[in-house]
Amino acid sequence: QLQLVESGGGLVQPGGSLRLSCAASGFTLDYYDIGWFRQAPGKEREGVSCISSRSGRPNYADSVKGRFTISRDNAKNTMYLQMNSLKPEDTAVYYCAATPSSLCVLQLNNYRYWGQGTQVTVSS
C-alpha cells in the first residue's frame, strides 16, 4: 500500500503563510523526486515545485519563485511546501507527488505516486 497524504491546507488571508506536508507510507522518499502540483476549479493541474532526489536542488514555477520553498526530510519520510506571501491566485487543491527519478521534472505524467490533495484558499 503506497500512499502519499497531504495536510496543512486551509483558509488564509492574502499575504499569509501556510506549510503543506506530505507523508509517505509504503515506500521511502530517499530515491524519489518529489513534486507539488495544484489545480484550481476549471483549470488544468499545473506544476508548482519539485526537488531532485539526488542533488536536492529545487525547481519552481515562475509564479511562486521567491514565495514558496520545497523541502524534504527523508528521516521523517515527509515532504513540505512552505508558502509565503500567498495571493488569491494561489487558491487551488494542492497535490504532492513522487516518482523514482532524479530529474526534477514538473510534468504530471512523470510522477508515479500522488496524494489525495489538500485545499488552499487565499481570500479576505
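Over how many bridges do E1 and E3 pair, and in which sense, parallel or antiparallel? E1 and E3 pair over five bridges in the antiparallel sense, where two strands count as paired if DSSP finds at least two bridges between them. The model is predicted, so local features need pLDDT of at least 70 and side-chain atom pairs count only at pLDDT 80 or more, while totals for chains, interfaces and linings use all residues. Residues are numbered from 1 along each chain as its sequence is written, and side-chain values use heavy atoms, with hydrogens and water left out.

**Overall architecture**

- The protein has 11 strands and zero helices; helices (H or I, at least four residues) and strands (E, at least two) are DSSP runs, numbered from the N terminus.
- The radius of gyration is 13 Å, close to the 14 Å that the globule rule gives for 124 residues, so the protein is as compact as a globular protein of that length. This radius is taken over C-alpha atoms, and the globule rule is 2.2 Å times the number of residues to the power 0.38.
- Along the principal axes, the C-alpha atoms fill a box of roughly 40 × 30 × 25 Å.
- Of the 124 residues, 44% count as buried. Buried means under 20% relative accessible area, exposed over 50%, and partly exposed in between (1.4 Å probe, protein chains only).
- Among contacts between residues at least 6 apart in sequence, 62% join residues at least 24 apart, a contact being heavy atoms within 4.5 Å.

**The four-stranded sheet**

- An open sheet of four strands runs in the order E1-E3-E8-E7, with antiparallel pairing.
- Strand E1 (3-7) and E7 stand at the edges with a single partner strand each, so one side of each is left without a neighbour in the sheet.
- From one strand to the next, the twist averages 15 degrees; axes are lines fitted to C-alpha atoms, and angles run from 0 to 180 degrees between N-to-C directions.
- E3 and E8 pair in the antiparallel sense over six bridges, and Leu 18 stands opposite Met 83 in E8.
- E7 and E8 are likewise antiparallel, over six bridges; Met 79 in E8 is the bridge partner of Arg 72.
- The hairpin of E7 and E8 has four residues between the strands, and within this hairpin Asn 77 takes a positive phi near 55 degrees.
- Five of the six residues of E8 are buried, which leaves this strand mostly covered.

**Nonpolar cores**

- The largest nonpolar core has 29 residues, and those with the most contacts inside it are Leu 4, Trp 36, Met 79, Leu 81, Met 83 and Tyr 94. Such a core is a set of buried Ala, Val, Leu, Ile, Met, Phe, Trp, Tyr and Cys residues joined through side-chain atoms within 4.5 Å.
- At least two residues of this core come from each of several strands, including E3 (18-25), E4 (33-39), E5 (46-51), E8 (78-83) and E9 (92-99).
- Apart from this core lies another, of five residues, among them Cys 50, Ala 97, Cys 104 and Tyr 111.
- Leaving aside neighbours within four places in sequence, Met 83 is in contact with residues including Leu 18, Leu 20, Arg 67, Phe 68, Tyr 94 and Val 120.

**Salt bridges**

- The whole structure contains four salt bridges, each defined as a side-chain nitrogen of Lys or Arg within 4 Å of a carboxyl oxygen of Asp or Glu.
- Glu 46 forms a salt bridge with Arg 38, the closest N and O atoms being 2.8 Å apart. Glu 46 is partly exposed, with a relative accessible area of 34%, whereas Arg 38 counts as buried at 5%.
- Arg 38 also meets Asp 90 in a salt bridge (2.9 Å, N to O). Asp 90 lies in the loop between E8 and E9 and Arg 38 in strand E4, so the pair ties together parts that are 52 residues apart in sequence.
- Asp 90 is buried, with a relative accessible area of 1%.
- The side chain of Asp 90 also forms a salt bridge with that of Arg 67 (2.7 Å, N to O). Arg 67 lies in the loop between strand E6 (58-60) and E7, 23 residues from Asp 90, and both residues are buried.
- Through shared partners, salt bridges join Arg 38, Glu 46, Arg 67 and Asp 90 into one network.
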